[in-house]
Amino acid sequence: FAGFDAYFTSRTLENNRRNVWFAEYWEENFNCKLMSSSKKEDTSRKCTGKERIGMDSKYEQEGKVQFVIDAVYAMAHALHNMQKDLCPDYSGICPEMDLAGGKKLLKYIRSVSFNGSAGTSVTFNRNGDAPGRYDLFQYQMNNNSSPGYKVVGQWMDTLQLNLEELQWPKGELEIPSSVCSLPCRTGQRKKMVKGMPCCWHCEPCDGYQYQYDETSCKLCAFDMRPNPNRTACQPIPIVKLEWHSPWAVIPVFLAMLGIIATIFVMATFIRYNDTPIVRASGRELSYVLLTGIFLCYIITFLMIAKPDVAVCSFRRIFLGLGMCISYAALLTKTNRIYRIFEQGKTSVTAPRLISPTSQLAITSSLISVQLLGVFIWFGVDPPNTIVDYDEQKTMNPDQARGVLKCDITDLQIICSLGYSILLMVTCTVYAIKTRGVPENFNEAKPIGFTMYTTCIVWLAFIPIFFGTAQSAEKLYIQTTTLTISMNLSASVALGMLYMPKVYVIIFHPELNVQKRKRSFKAVVTAATMSSRLSHKPSDRPNGEAKTELCENVDPNSPAAKKKYVNYNDLVI
């Protein structure tokens, strides 16, 4: 403002006495002292009064001069408008204006509107503030001129920015982001920076967490997992052992072969039910044993079937029942053989409970123990299905699966099979005790080989079953291992005990003929002596010992007739 500069630079100590602060300004501007009582202590030079502002000192107009001028004009316009309204017939201040007061004057000040010293409009808002006016500068590097600030816009109620005048680093044309932190992506939460409300770090919701809101993640329920973008939870898929799975195909194939073979053997025995070989095998226990073998194969289909209450109930019943029936029948057979030949060494009287009816009763009592345990299990813990979400809950939620299965623990499975394993071990002990009896008299040795092989199978089963308890494939490995072990046990018994007999019945019927009757004492004594003489085969011709033993008995004597027993009742 040139007018203000001309006025202010012409001010001296003589023509500006009304301003009480002008003397102090004079001392500061010219770095001198007007009198000895001056408060300025950093100089000893005295002012002459002839100094001139802008000539003897550096002068630059104060930046707020514009606002002072506009403020004076605002007051003048307000007084003028007030005088026009309150004193229309007076050339000066009338009594009404004199008594108006400051509040009425403030009302007129806020209502003024005029062009200020800078050529812009001067107005006030309802709060008495003048509208903001700002020029926006950008420091620019220019090849044609020296670097400096350049006006690129202004603010007057709204932003007015000339984007074409702006320069960005490296000559980029796109406007750079002017934020402390970019928005977080979906599935990430904001971790606020302490003391900086507009700044944050983005952290992903990991594991089984989902994005609950902008600043927090929450854990999904135990049966849920986060969706792909982690904005919500979704149910974990439920799986079971499928029929087409490789873990199921092999056991099912073995079971089907075993069922076909078992039905074939059973049909053969029924067809030739009255032939000597079938009768000598102990028909009643043979059918019981074949039934147990058949159930061992059937359990494979129950273990792979989709679990429900009915399937789980049948699993509990038949899981150990097939093995229990098989080994109860074998134990009864081996025990009968052992008792017959042990008592025959000291007495000519036949042991008790060796008739077919007695054998069935003993076998039934052994099987009833297993059934009693199962019924108690039903009462204590009724069968039902569960979905196990922990078995296949992997670190990656996308691979998590819920396993549909029966509510049967590993310990309960072993307990269900424990009684059958006890029968198997006991049967193996009797098979070992009767291993010295010649095979011409009984099938103790095939039973022994069957039990030895079965024990090896189940000794291999136990470490595999419990060794995979922590595996993600636990359901598949344990089910496959259990079903294959039962299939192998049944196949060993079927192959070693019945296939040779079926072979003779079908392909060598000439061997399936009635044996001559011999006394019980003669048969047992022959077996005992044959075992002893087998260590000295060179002493006598083959079969001589047995011939002499049999010839010592007169089959026509009355006493001997009471001792006659059917050979078919001894060969079991």
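Here is a short chat about a predicted model and the terms used for it.

Reader: How do you know how far to trust this model?
Author: It's predicted, so local features need pLDDT of at least 70 and side-chain atom pairs count only at pLDDT 80 or more, while totals for chains, interfaces and linings use all residues. Residues are numbered from 1 along each chain as its sequence is written, and side-chain values use heavy atoms, with hydrogens and water left out. pLDDT is the predictor's confidence in each residue, from 0 to 100. The protein averages 82, and 86% of the residues score at least 70. Over residues 530-572, though, the pLDDT is below 50.

Reader: Why are α10 and α11 called roughly antiparallel?
Author: Angles here run from 0 to 180 degrees between N-to-C directions, using lines fitted to C-alpha atoms over the stretch in contact. Over 145 degrees counts as roughly antiparallel. The axes of α10 (residues 356-380) and α11 (residues 410-433) cross at roughly 170 degrees and come within 10 Å. So the pair is roughly antiparallel.

Reader: What makes residues of α10 and α11 count as meeting?
Author: Contact means heavy atoms within 4.5 Å. Leu366, Val369, Gln370 and Trp377 in α10 meet Gln412, Ser416, Tyr419, Ser420 and Leu423 in α11. By class, that's five nonpolar, four polar and no charged residues.

Reader: What makes a space a cavity and not a pocket?
Author: On a 1 Å grid over the protein atoms alone, a cavity is a set of points where a 1.4 Å probe fits but cannot get out; a pocket is an open set with protein on both sides within 12 Å along at least five of seven lines. This structure holds one cavity of 30 Å³ or more. About 50 Å³ of space lies in the largest cavity.

Reader: How do you know which residues line the largest cavity?
Author: A lining residue has an atom within 4 Å of a point. Here those are Ile293, Cys296, Met323, Ser326, Tyr327, Ser489, Ala490 and Ala493.

Note on methods:
Helices (H or I, at least four residues) and strands (E, at least two) are DSSP runs, numbered from the N terminus. Angles under 35 degrees count as roughly parallel, over 145 as roughly antiparallel, 65 to 115 as roughly perpendicular and the rest as oblique. Ala, Val, Leu, Ile, Met, Phe, Trp, Tyr, Cys and Pro count as nonpolar, Asp, Glu, Lys and Arg as charged, and the others, Gly among them, as polar. Grid points are joined across faces, edges and corners, and a volume is the space filled by probe spheres set on the points.
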